[in-house]
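Welcome! Here is a short briefing to read alongside the model, starting with one residue and then stepping back to the whole chain.

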Amino acid sequence: MRLSLAEVFRLGVDTLTHNGLARDHAESIARVITAGQRDECHSHGLYRLISCVDAIRKGKVVLDAVPEVEEVSPAITRVDAGFGFSQLAFDRGLGRLIENAQSIGIAALVVNNCYHFSALWPEVERIAEAGLVGLAMTPSHSWVAPAGGGKPVFGTNPMAFAWPRPGQHPYVFDFATSAAARGEIELHRRAGKKIPLGWAVDASGAPTDDAEAALNGAMLTFGGHKGSALAAMIELMGGALIGDMTSADSQRFDEGAQVTPCHGELILAFNPHLLGGAKAAQGAQSAEAMFDSIRAQGARLPSQRRFEARERAQQDGVELPEGLYRDILALSGR
Ligand code: NDP
Ligand code: PYC
C-alpha cells in the first residue's frame, strides 16, 4: 500500500476519533505517528495506532484530558497530562520550555501522568528548530533486565538528543537503552521473523532468538553495564526526580491490562548562545568540524537515514505492509 503523508495523517486522526479520542489529542498523536512513518521508524509509525486503540478500548486513558500547564519556577514548566496521552501535553508545554531556555539559558519541561508510546526525536527536533540543544528521556514498563541479572527491572527507556545546525538538519540521536525497542521485537513477531541473539533472554534466562519468548522473558540493555546504568539514570531522572512513576511502578499501575506505559517525561533545553557566551560561534564551528570528521571516514551521522527517508516520503508518500493497513482499517470504522 502506498499512502501520501496527508492520507497517513487522516487515517491516524480518523482511527483515534472513531474510537472516542478527543480531536486535539488525535491530531497531536497523528502528527508524530505520521512523522514516524515518513522517516521509516516503523516501530513508532502507524503501527502504534494499534496499541493506542487498545489502550483506549481498555478504558485506561482519559480521552479528553486537558493538560494543565504550571510555571513551577523560571526554569521549570510542569504539564500534568491528566492520564491522557503525552503528545498534547508536550505540545502545550513546548512554547514555555523554549521561551525559558531562550531567556535564562537552561530550562526543563516536566510532563507528568501521561500514557506514553512515541519516539522522542520529533520532540527534540522541535527544540533544535528553535536554535536550542534538546535532551529528552522517559521510562516505560519494566521489561528489561539489568546487566548481570535476568529479570526485568528497567523500561526500554529511550533518550534523545538534538544539536541545532543552522541551515541544515540538526544532529539528532534517539535510542532505547535496551538493545532494541520493544516495538522492534513486536514487529519481528508480526512478521514471523527471528530476532538477533543479544536482544533478550527467555523466561528461564536463556538467550533467545524467538520474538514471542523474548517478549515473555526479559529484554537486555545495549552495551552491557553501560546501557544498564543509563537505563537506571532514566528511571531516576524521568521518574523519581520528577515525582512520577518508574517503569516498575508503571507496570504495577497497568494491573495486567498490558496497555502502553503510563509515567512522566523529562525534556531539557539548553541555549548555546548563553552557555557558550563569547565563544558560542566557535562552539558551533567545533561541532561542525566534528561532524565533518565523522563523515569524512565514511561513517554516517545518526538520523541521516531518517532524513533521507523523509525526503523520499515527502515526494512519493510511504509504503505500508498490506496486513498492517488492513488491521488499522479494521480499527478505523472506515
Ligand atoms: P535505533 O537503534 O533504530 O536507532 C538509534 C539511533 O541510532 C537513531 O538515531 C539512528 O539513526 C542511529 N543509528 C542507527 N544506526 C546508525 C549508524 N550505523 N550510524 C550512526 N547512527 C546510527 O533505535 P531504537 O530501536 O533503540 O529506538 C527506536 C525508537 O523507539 C526511538 O525513536 C525511541 O524514542 C523509541 N522508543 C520509545 C519508547 C517510549 O517509551 N516512548 C521506548 C523505547 C523506544 P537513524 O534513525 O537515522 O537510523
Ligand atoms: O518500543 O520499547 C518500545 C516502546 C515502549 C513504549 C513505547 N515504545
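D209 touches K194, I195 and L197, leaving aside residues up to four places away in sequence; contact here means heavy atoms within 4.5 Å. This is a predicted model, where local features need pLDDT of at least 70, side-chain atom pairs count only at pLDDT 80 or more, and totals for chains, interfaces and linings use all residues. Residues are numbered from 1 along each chain as its sequence is written, and side-chain values use heavy atoms, without hydrogens and water.

**Around D209**
- You will find D209 in the loop between β9 (200-201) and α7 (211-216); helices (H or I, at least four residues) and strands (E, at least two) are DSSP runs, numbered from the N terminus.
- L197 sits 12 residues from D209 in sequence, with 5.3 Å between their C-alpha atoms.
- D209 counts as partly exposed because its relative accessibility is 32%, given that buried means under 20% relative accessible area, exposed over 50%, and partly exposed in between (1.4 Å probe, protein chains only).

**The whole protein**
- The protein has 13 helices and 12 strands.
- Its radius of gyration is 20 Å, close to the 20 Å that the globule rule gives for 334 residues, so the protein is as compact as a globular protein of that length; the radius is taken over C-alpha atoms, and the rule is 2.2 Å times the number of residues to the power 0.38.
- Along the principal axes, the C-alpha atoms fill a box of roughly 55 × 45 × 45 Å.

**Burial and contacts**
- Of the 334 residues, 51% count as buried.
- Among contacts between residues at least 6 apart in sequence, 68% join residues at least 24 apart.

Technical notes. Chains are lettered from A and ligands numbered from 1 in the order in which they are written.
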